[in-house]
Amino acid sequence: MEKLLEVNNLSISFTQYVQGLNRHDLKVISDLTIDVMENEIVAILGSSGSGKSLLAHSILGILPYNSHVSGEIKYKGNILTQELKEKLRGKEICLIPQSVNFLDPLMKVSEQAIGECKDENEHNEKKLRQREVFDKYGLDESVDDLYPFELSGGMARKVLLSTALIGNPNLLIADEPTPGLDRKSVEETIEDIKNLKENGKGVLLITHEIDVALKTADRIAIFYSGYVIEINKVENFSDTDKLLHPYTKVLINALPRNGFNFSEGVQPLDDVSGCPYYENCPVRLDKCENNIPQLIEHNGVMIRCFNIGGVNDEP
Amino acid sequence: MIQLSPIDPVKAYLGQRIVSQEQLAIMGDYWGTNLSLGERVVGWLQTLASGSMGFSLIYRVPVTEVIMQKFTASLTLMVVSWVISAIVGFGLGIIAGAKEGSWIDKAIKTYCYILQSTPTFWIGLVLLMVFSVYLGWFPIGLSVPMGQLADTVTFWQWLYRLILPAITLSIVGIASLTMYTRDKLINVKKSDYFLFAQARGESFWGIIKNHGIRNVLLPAITIQFLSFNELFGGTILVEQVFAYPGIGQATVAAGLRSDVPLLLGIVIISTIFVFVGNLLADVIYKYVDPRIRSEDDE
């Protein structure tokens, strides 16, 4: 199996002006490392508004101009430069956007799914492909001529998914595919994403819904305050003893079926000098306050915590 | 308002001729100046309902005839400049919006601010000075060459004389439409669907063409139709500067020489004109925007 996507130590920050001309760098993603193989779904699980979508935007090269990016992103072993991103996006790497707002309100959905074409021939070719994909998702020909505002939530989901599949990509990035959907549509979406995996594609699923991540993904990366603190196999999430990071344990214990155990504390918004979970951590060590633990591998699990393994010695 | 102004239709009709007091009284009876305001308004409305707007005091022909003749002359001027300002304004707006922040955007913006803050008649005077007086490319005024009958004017002569007034009149329209289009396009560029189109690998100008223009065109058309009143106001000034015999000149003449029936007639016609503009904007919106169209179907 080939590694499709590899993100190493990616940091994204924004320059903000606070109180006049004082510049302030706002760090949104810090030192993010993650990879996606073929035939695999990797979920990034983090709270709403924590900047997860920016990961998708940086892979596709559509970050706003005032952002600063460091670290590297590789696709099939090649470093993704802006040039390469522009070449691959829409073809090998596709985004499944969040909502119907990502469609042009004044354009028929079939035309949007087809996208930009050089000439009539290309258009006809893609039209056939579009029909094929729409049919697969149960969208009949009457849907072709609808405008985005005429779609129901479930239909919109399928149209958005179809837009990504017309180019037959290898890697799909699904950005919050389920919010605001009813239970049935959520189940369908989960099935649809799983089917992509069966067809040999890699999926990076960005979500804040634990259930969706648990039902869909092979591996789950926990995103906390801009850091990935743990990447674990989905099987291990049924047993908190197999989870390594104290926050992950708390998160899973807080699920209704696991006893609704609630813990105090919020994610820090400002840059902290040490471990981002230091304030709320029940097993914190002295060195956690001023040192940031590195993401290391421990028995096949990626973990960022000084309590685990002997590698995280004083830097 | 006209009633309160020191205008006496009888005196306006007589001009500089000397008449006796008795004759004045007879004339007053004939024109109805000694009737009350209410009676006069009712009388005017009655004749209006029967299709007549009365007689113009300065042109000595029915008001409808004057307006028809003058309005056709102005209409060509207005239509030409309206089309110019629509095309140029929209084009500049799209370029500026697409290249937001670049030198070309700044140049277009500066140009628009200058135009927007400059009175039409002043632009007209400047253009006249540069192109007609210094360069001598265009005639100084009038829609017909001097010493020639209107019937004998060729199409090209007429067009040639239309250019400068039409450009002047379109300039103000260009500025507001450009700024509006630019602003709308920048909003579209910030939208999620623009981002998504980029993420799907569409080229920048392809997105501007497929999604930008599509979403900006409708509001721009509306704005352009709503600008009918500015167009009308602009015509009055431009025609005055270029001595172009259209409805604008007639308005000024009617006002200055207290031709009450003509003035009232023009007011009515211009109201209809502006109303039609707004109506067209609404109708077009209804037929072009799928969101409004399908609401009616249901």
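Trainee: Leaving aside its neighbours within four places in sequence, which residues is V109(A) in contact with?
Mentor: This is a predicted model, so what follows describes computed geometry. V109(A) has its place in helix α3 of chain A, which covers residues 109-114. Beyond its sequence neighbours within four places, the contacts of V109(A) are L103(A), V143(A), D144(A), L146(A), P148(A), L151(A) and V159(A).

Trainee: Is V109(A) buried or exposed?
Mentor: A residue counts as buried if 20 or more other C-beta atoms lie within 10 Å of its own. For V109(A) there are 27 other C-beta atoms within 10 Å, and therefore V109(A) is buried.

Trainee: What distance separates the C-alpha atoms of V109(A) and C288(A)?
Mentor: Along the chain, V109(A) and C288(A) are 179 residues apart.

Trainee: Turning to the open sheet of chain A, what is the order of its four strands?
Mentor: The pairing in this sheet is antiparallel, and its edge strands, each of which pairs on one side only, are β2 (22-37) and β5 (78-79) of chain A. Strand β1 (residues 3-18) of chain A is joined to β2(A) and also pairs with β4(A). Read across the sheet, the order is β2-β1-β4-β5.

Trainee: How many bridges join β1(A) to β2(A)?
Mentor: These two strands run antiparallel, and within the pair V7(A) stands opposite I34(A), while L10(A) stands opposite L32(A). The number of bridges that join β1(A) to β2(A) is twelve.

Trainee: On the β4(A) side, which residue stands opposite L5(A)?
Mentor: β1(A) and β4(A) also pair in the antiparallel sense, over eight bridges. In β4(A), the residue opposite L5(A) is Y75(A).

Trainee: Helix α1 of chain A packs on the sheet; what angle does its direction make with that of β2(A)?
Mentor: This helix, residues 52-60 of chain A, touches β1, β2 and β4 (67-75) of that chain as it packs on the sheet. Its direction makes an angle with that of β2(A) of about 80 degrees.

Trainee: How many residues of chain B are in contact with chain A?
Mentor: On the chain A side, 19 residues take part in the contact with chain B, and by class they are ten nonpolar, three polar and six charged. The number of chain B residues they meet is 18.

Trainee: How many helices does chain B have?
Mentor: Chain B has zero strands, and its elements, followed from the N terminus, are written as a run of α. Of the 298 residues of chain B, 35% count as buried. The number of helices in chain B is 13.

Trainee: Where does α4(B) bend?
Mentor: Helix α4 of chain B takes in residues 63-98, and because each of its 36 residues counts for 1.5 Å, it should span 52 Å, which agrees with the 49 Å between its end C-alpha atoms. Along this helix there is a bend of about 25 degrees, and its place is F71(B).

Trainee: What separates the C-alpha atoms of G212(B) and V188(B), which are 24 residues apart along the chain?
Mentor: G212(B) lies in helix α9 (residues 204-226) of chain B and is buried, with 26 other C-beta atoms within 10 Å. Not counting residues up to four places away in sequence, G212(B) touches I94(B), L185(B), V188(B) and I207(B). Between the C-alpha atoms of G212(B) and V188(B) the separation is 6.3 Å.

Trainee: How many of the 15 residues of α10(B) are buried?
Mentor: The buried residues of α10(B) include F228(B), F232(B), T235(B) and E239(B). The helix is mostly covered, and its count of buried residues is eleven.

Trainee: Which residue, with a positive phi, follows α10(B)?
Mentor: The 15 residues of α10(B) should span 21 Å at 1.5 Å a residue, and its end C-alpha atoms are 20 Å apart, which agrees. After the helix comes a residue whose phi is positive, near 50 degrees, and that residue is A243(B).

Technical notes: Residues are numbered from 1 along each chain as its sequence is written. Chains are lettered from A and ligands numbered from 1 in the order in which they are written. This is a predicted model: local features need pLDDT of at least 70, side-chain atom pairs count only at pLDDT 80 or more; totals for chains, interfaces and linings use all residues. A residue is buried if 20 or more other C-beta atoms lie within 10 Å of its own, exposed if 12 or fewer, and partly exposed in between; C-beta atoms are placed from the backbone. Two residues are in contact if their C-beta atoms, placed from the backbone, lie within 7 Å. Ala, Val, Leu, Ile, Met, Phe, Trp, Tyr, Cys and Pro count as nonpolar, Asp, Glu, Lys and Arg as charged, and the others, Gly among them, as polar. The expected span of a helix is 1.5 Å times one less than its number of residues. The bend at a residue is the angle between axes fitted to the seven residues ending there and the seven starting there. Two strands pair if DSSP finds at least two bridges between them. Axes are lines fitted to C-alpha atoms, for helices over the stretch in contact, and angles run from 0 to 180 degrees between N-to-C directions.
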